[in-house]
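Visitor: I am new to this structure and would like to learn how to read its features one by one. Could you show me the model and then take me through it?

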Amino acid sequence: MDTTAPLTPDESKTRGQAQREAAPRGAMAKVSERPADYDPVSRLIWQGESRQPDLLSLRYSRMLVDPLSFYRGNALLMAEDLVRESNSSLEVQICGDAHLANFNLFSSPERRLVFDVNDFDETDQGPFEWDLKRLVTSLAVASSHLGHSDAQQERIARTAAQEYRLSIRRFAGEDRLATWYSTSDIDAVVTDLGGFFTENAIHRIDHVVAFASGRDTRKAFAKLMVDDKDGPRIVNRPPLLVPLEDLHESGYLTTGDLKRLIAGYTRTLSHDRQVLLSQFTPVDAARKVVGVGSVGTECYVVLLLGRDEFDPFFLQVKQAGASVIATATSRESVMPAGERVVQGQRLMQATPDVFLGWHSVKKGGSTRHYYVRQLYDNKAAIAIDRLDESLLVTYGRLCAWTLARAHARGGRGGEIAGYLGKSDVADDAFAEFAMAYRDRTLSDFAALKSAVKEGRVTLAT
C-alpha cells in the first residue's frame, strides 16, 4: 500500500496560499495580450477544418445569433487566451467549457431533479480558475445581452466568484466521502446554501427552476419517430435530423459502423448496464445536429426498441476530438478522446448517465473517437432570456456552487480554498476579468460578422 501521508487541512491551505507568489490573486483580473498576428476568425476556420464541411455554415449562423451564442462557440479562442495569462498550478479535472448554458436540470438514476454541469466535450486537466473565468465571463456576457448596466454585469460576475470561493471552502472542510456523495439535487443545493441565501433568494431558486424548458422523454421520443411499414423509424428533418439512409454527404459513419461502435461501447459499461442494454435492439440511426460549439462534429442518434414498438430508447453517439485545453497547451492526451470525456464526466458530475461509455472505430484510414450516452433523460435547460438581474444572480450562484463541488471531488479543494482565501481580493479580480473578457468577446463577435461580409465564412441559408 502507498504509505504517503495525505496533506492535512492546514498543509493544503498553506500549499494553496503559496501559489499566490507565482500567481497573485489580483493578477487573475488581467486579460492577456494576443500575438500581433492572432486572428480569431482564422482560428475558428482552422477549428472547422476538422469538422464536417456541410455543417460549417450552420455553425457560424448559430454563433452569430447574439454575443452569448458566439461565446458558446468560442471555447478554443478563450483557452488560447487563458494559456497566455498568469495561472496557478492548482490543476484539477475541469469542464473546459463551463459557461452558464452548460449547466442543466435533469433526472438522476434515482429520478431526482438534479442540477449539474452537463457538457464535457472539452473536459481535461487544467487550472481550476479557467473554469471559473469561463463561468463568470458568460454571466457578464449574458447580463450584457439582457441590457443590464456595467455595474449590474460586474455585480453578477463578482457574486458568482464569491459563491465559488465560499463553496470550495465549505467543501474543503468536509470529509472526503461527504464531498464525493454531495448531490446536486435542488433540495440539497437549497439546504447547503440555506445559511448563505436570504429567505427571499431561496424562493427565487424555485423561480429559476420554473424558467426551465424541459423535455418529457416520451414526448421527445415521439417527435423523433415516424411509423414505417417495418415499425418505428427516425423522422427525416434535414439538416438537423437525417436518417443515415437519407444522408448523402460523405464522411459520416454507416449503419454498419454504428453497430460495431455500439457493440464495442457496451463493453465499457458495468455488467448490470450491459444486461439492461442487451434487452434493446437497434432499429435505426440518424445524424443529429446539436448545440452551438459542437456543430460540425459528428453526432448520431440510434433508435432502439425494448419490449415492443411502444418501448423506445435513444442513444446519442457523439464524436470526441482533442479538447481545446489540450490544443491550447499543446498537450498530448493520455487516453482516447471518447474515454477522456467519459472519465472527466464521471469524476465531475455527481450523478452521471448510467449509459455513459465510449469506443473508437477505424474509418477512412484513421481512427475516430466517440462517447455514448442517453439522448434525453428528462433534461431541461434554463431559459436565460427570461431571467431578470436578481434571478441571474441566483442562477450564477447555483452554477458556482455546482462548479466548486465538481472541482472539490478531485481532492484539491483545500489548496484552492487556501489560494482564494477569506477576503474578496479574488472575487474582485475575477469580476474585473469577466468585464474585460466580455469586451474581447464582443470584439471577436464583430470580427466574425465582418468575415461574413468579406466572404471568408458562409452562413446557412
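Guide: Let us begin with a definition: a disulfide is a pair of cysteine sulfur atoms within 2.5 Å. This is a predicted model, in which local features need pLDDT of at least 70 and side-chain atom pairs count only at pLDDT 80 or more, while totals for chains, interfaces and linings use all residues. Residues are numbered from 1 along each chain as its sequence is written, and side-chain values use heavy atoms, with hydrogens and water left out.

Visitor: How many disulfides does the structure hold, and why is there no bond at C299?

Guide: In general, a disulfide is a covalent bond between the sulfur atoms of two cysteines. The structure holds zero disulfides. For C299 the closest cysteine sulfur, in C95, is 17 Å away, which is too far for a bond, and for C399 the closest one, also in C95, is too far as well, at 11 Å.

Visitor: Is C399 buried or exposed?

Guide: A residue is called buried under 20% relative accessible area, exposed over 50%, and partly exposed in between, using a 1.4 Å probe and protein chains only. C399 counts as buried because its relative accessibility is 0%, and C299, with 1%, is buried too.

Visitor: How many salt bridges does the structure hold?

Guide: A salt bridge is a side-chain nitrogen of Lys or Arg within 4 Å of a carboxyl oxygen of Asp or Glu. The structure holds 27 of these salt bridges. In one of them, the side chains of R405 and D116 meet with N and O 2.7 Å apart; this pair links distant parts of the chain, since R405 is in helix α16 and D116 in strand β3 (residues 113-117), 289 residues apart. Helices (H or I, at least four residues) and strands (E, at least two) are DSSP runs, numbered from the N terminus. Both R405 and D116 are buried.

Visitor: Which residue forms a salt bridge with K363?

Guide: The partner of K363 is D257, at 2.8 Å from N to O. K363 lies in strand β12 (residues 357-363) and D257 in helix α12 (residues 255-266), so the pair ties together parts that are 106 residues apart in sequence. D257 is buried, with a relative accessible area of 7%.

Visitor: Which residues are linked in a network of salt bridges?

Guide: The network of salt bridges links R34, D81, R84, R440 and D444. In another salt bridge, R273 pairs with D272 at 2.6 Å between the closest N and O atoms, and here D272 is partly exposed, with a relative accessible area of 43%.
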